[in-house]
Amino acid sequence: MSNPMLNEDKFSSQERVLDGEPMSIQGTVSKVLMLFVCLLAGAAISLYLLFNGMASVVPTAITASAIIGFILVVATCFNIKLAKYTAAPYALFEGVVLGGISALFEAQIQGLVLQAVLGTFTVLFVMLMLYKARAIQYTEKFAAVLKTSLLSVMAIYLIQIVASFFGRGIPGIFEAGVVGIAFSLIVVVIAAMALIQDFAFIEMGSQNMLSKDYEWYGAMGLMITLVWLYLEILRLLAKLNSRR
């Protein structure tokens, strides 16, 4: 799910740097790369467990890592300065989650994970180019529509989770039928649009001379969106392949 971290509410005049080095786009990008390394390390942990006779531990590791990752995100939302301490552990734990989930999908459909990874980076590159060319601009209207879309998707997933406790679920949208594929495609588009919000935050943060802590905050927020985008593309591809 996309993050609530990167939005215009975070631009506080009190956070502007009066002395010292301010946030920069280059600094944020370098931290994003660091988080990718942590993500890959976490994925390697899951794969190590799976292929070294400890597969039974993986479901527990995925669940625990997802909970810890969520707690780190919530804590960082309330205290931005924690980002430099929470960003790397978040990426590591999310890597454990992605590694385990990806292995399960790959076991069912070979080559699916590579397709999802390539799809995620393709979407990232396309959205970045569109943003830089100002073909898509982050306006108040864009932010309002995106916020409504994100809340709607969150509500649907929450209803599905609650319903699953009673052995039920929302008909169609989580299956491989036309409705399910259309829903996954819509969610992928929403996740892609959320990248525009992330880019805008990082750019405006550097322009407003926010403190250096915001580099970790921006990098963590972008990582959250990319993790969500990857999972949604993985789910969409699985639905499409199951219809063949």
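**The nonpolar residues**

Together, Ile67, Phe70, Ile71, Val74 and Phe78 make up a nonpolar surface patch with about 570 Å² of accessible area. The model is predicted, with local features needing pLDDT of at least 70 and side-chain atom pairs counting only at pLDDT 80 or more, while totals for chains, interfaces and linings use all residues. Numbering runs from 1 along each chain as its sequence is written, and side-chain values use heavy atoms, leaving out hydrogens and water.

A patch consists of residues with over 30% relative accessible area and no salt bridge, where like charges are joined within 9 Å and nonpolar side chains (Val, Leu, Ile, Met, Phe, Trp, Tyr) within 5 Å. A salt bridge is a side-chain nitrogen of Lys or Arg within 4 Å of a carboxyl oxygen of Asp or Glu. Accessible areas come from the Shrake-Rupley method with a 1.4 Å probe, and for residues only the protein chains shown count as cover.

Phe78 counts as exposed because its relative accessibility is 74% (exposed means over 50%, buried under 20%, and partly exposed in between).

Inside the model, the largest nonpolar core has 61 residues, and Tyr90, Leu195, Ile196, Phe199 and Trp228 have the most contacts within it. Such a core is a set of buried Ala, Val, Leu, Ile, Met, Phe, Trp, Tyr and Cys residues joined through side-chain atoms within 4.5 Å. Two or more residues of this core come from each of α1 (25-50), α2, α3 (83-108), α4 (112-132), α5 (140-164), α6 (178-207) and α7 (213-242). The largest share, 18 residues, is given by α7. In soluble globular proteins, nonpolar side chains tend to be buried together.

Leaving aside neighbours within four places in sequence, Ile196 is in contact (heavy atoms within 4.5 Å) with Met127, Tyr131, Ile136, Tyr138 and Phe142.

Finally, the structure holds nine aromatic pairs (rings of Phe, Tyr and Trp, the last by its six-membered ring, pair if their centres lie within 6.5 Å; planes under 30 degrees apart are stacked, over 60 edge-to-face and the rest tilted). One of them is Phe174 with Phe183, an edge-to-face pair 5.8 Å centre to centre with 65° between the planes. Phe174 is partly exposed, at 26% relative accessible area, whereas Phe183 is buried, at 11% relative accessibility. Ring pairs join Tyr157 with Phe174 and Phe183 in a cluster.

Conventions:
Buried means under 20% relative accessible area, exposed over 50%, partly exposed in between (1.4 Å probe, protein chains only). Helices (H or I, at least four residues) and strands (E, at least two) are DSSP runs, numbered from the N terminus.
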